[in-house]
Amino acid sequence: MNGLLWSISILCLTTLGIMFVLKKFNQPYLIAYILVGIILGPHISGVFTDPEQTETIGEIGILLLMFFLGMEINVPDNRSLLIKPIVAQLIKILLSICCAFLVGYFAGLSMNSILLIAILFIFNSTAVVSEFLSKHQTLKTTFGIMILNILIFQDLLLAPVLTLLKAWNKQDFHSSTIIFPVVLCGVIFLILKRIRTFREIKLPKFFASIEKDHDLQVFFGLFICLISGLLAEAAGISSAFGSFMAGVVVGRVTTFSWLEHSLAPFKVFFVTFFFVSIGLRLDIPYLFSNFSIILLGTFFVLASNSIMSAITFRLLKFGWRESWYGGALLSQTGEFGILALSVAYKSGIIEYSLYKSGLGITCLSLLLSTIWIAILYNVANRSTLGKK
């Protein structure tokens, strides 16, 4: 027990120290969480030796984060804000596949590795992007809703992609194993399309009594968030997306207006553990022995993802300022990329070296994307002011 208390105390103290430094430079706290994982990981201080310990706790944080996003987002009445994100993501998928084939051709990679690289390009970090949308006060703007809907569509794609990866090298693989997740994703899209007509959902008066009981609020809110994620995972889609869908519905129930206030501290605490687990996964000795390749790969991911996303937004008639801002936001390889890498390695699709390199690039892209976004955001704003 004393060992656990010491570990958590050191975690809190280290996090506070780095957060105070980042606050002076106006940087998001997500950087602090990843840096804490690296510092307290098995390769530096050794306070935490097993990433699985914090990752399990961190998964609850992602569920809460997605639940809050669902509560905050307004499913738009404008049909184009539902169709455009799908078109944008389909364009980006095509560009990602082309880019992955170019990388694979010049690097001499196998077809399995090329397809996995394409998958890594496709998925971005909802946590990082939503943090910046909130920070720049663009979460509820038309462009912010567009970006968030793209991320929702990515989460929908996660289920069939993971199903395909798990069955990739199995001889008994049948196309029917991927049909159900695809159909389920279609059904959820129709639900999102339908729910935009409901501005408010009323519940029986019995639930009104919860508003006066703080303890009931906390556990009832956590139950809704976690059980929705569990049911979604059992149905073949990501638990995070199930939690998001629950948040979309709950956000339209006025009786549950207290949920955001009651669960906010839990969200901060558990999300911290998730990003700490990302830092813990970073293999420092492997990173230093392959530093040039991993660093080059990280900047290639950030630059190519930014360019592909910016091109996508320009094709959809957005201005250059918004296109580059959107490209910067969608520059990193997200947390689902780590999940895809783990599944691909366990399924024997990729070798250990590519798994380690991909993990290092993904972690560094998450860490450096916050700086990358801030730089491109300021450049885009200055160029716009210069034209005026």
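What percentage of the 388 residues in the protein is buried? I would then ask you to turn to K356: in which helix does K356 lie, and with which residue does K356 form a salt bridge?

Modeller: This is a predicted model, in which local features need pLDDT of at least 70 and side-chain atom pairs count only at pLDDT 80 or more, while totals for chains, interfaces and linings use all residues. Residues are numbered from 1 along each chain as its sequence is written, and side-chain values use heavy atoms, with hydrogens and water left out.

Of the 388 residues, 53% are buried (under 20% relative accessible area; exposed is over 50% and partly exposed lies in between, with a 1.4 Å probe and protein chains only). The protein has 16 helices and 0 strands (DSSP runs numbered from the N terminus: H or I of at least four residues for helices, E of at least two for strands). Among contacts with a separation of 6 or more, 80% join residues 24 or more positions apart (contact means heavy atoms within 4.5 Å).

K356 lies in helix α16, which covers residues 352-387. With a relative accessible area of 14%, K356 is buried. The salt-bridge partner of K356 is D283, and the closest N and O atoms are 3.0 Å apart (the rule asks for a side-chain nitrogen of Lys or Arg within 4 Å of a carboxyl oxygen of Asp or Glu). By this rule the count comes to 1 salt bridge. D283 is in the loop between α11 (259-281) and α12 (284-289), so the pair links distant parts of the chain, 73 residues apart. D283 is buried, as is K356. If neighbours within four places in sequence are set aside, K356 is in contact with D283 and Y286. I294 is 62 residues from K356 in sequence, and their C-alpha atoms are 9.7 Å apart in space.

Burial can also be followed in helix α2 (residues 30-39), which is mostly covered, with 8 of its 10 residues buried. Among them are L30, I31, Y33 and V36.
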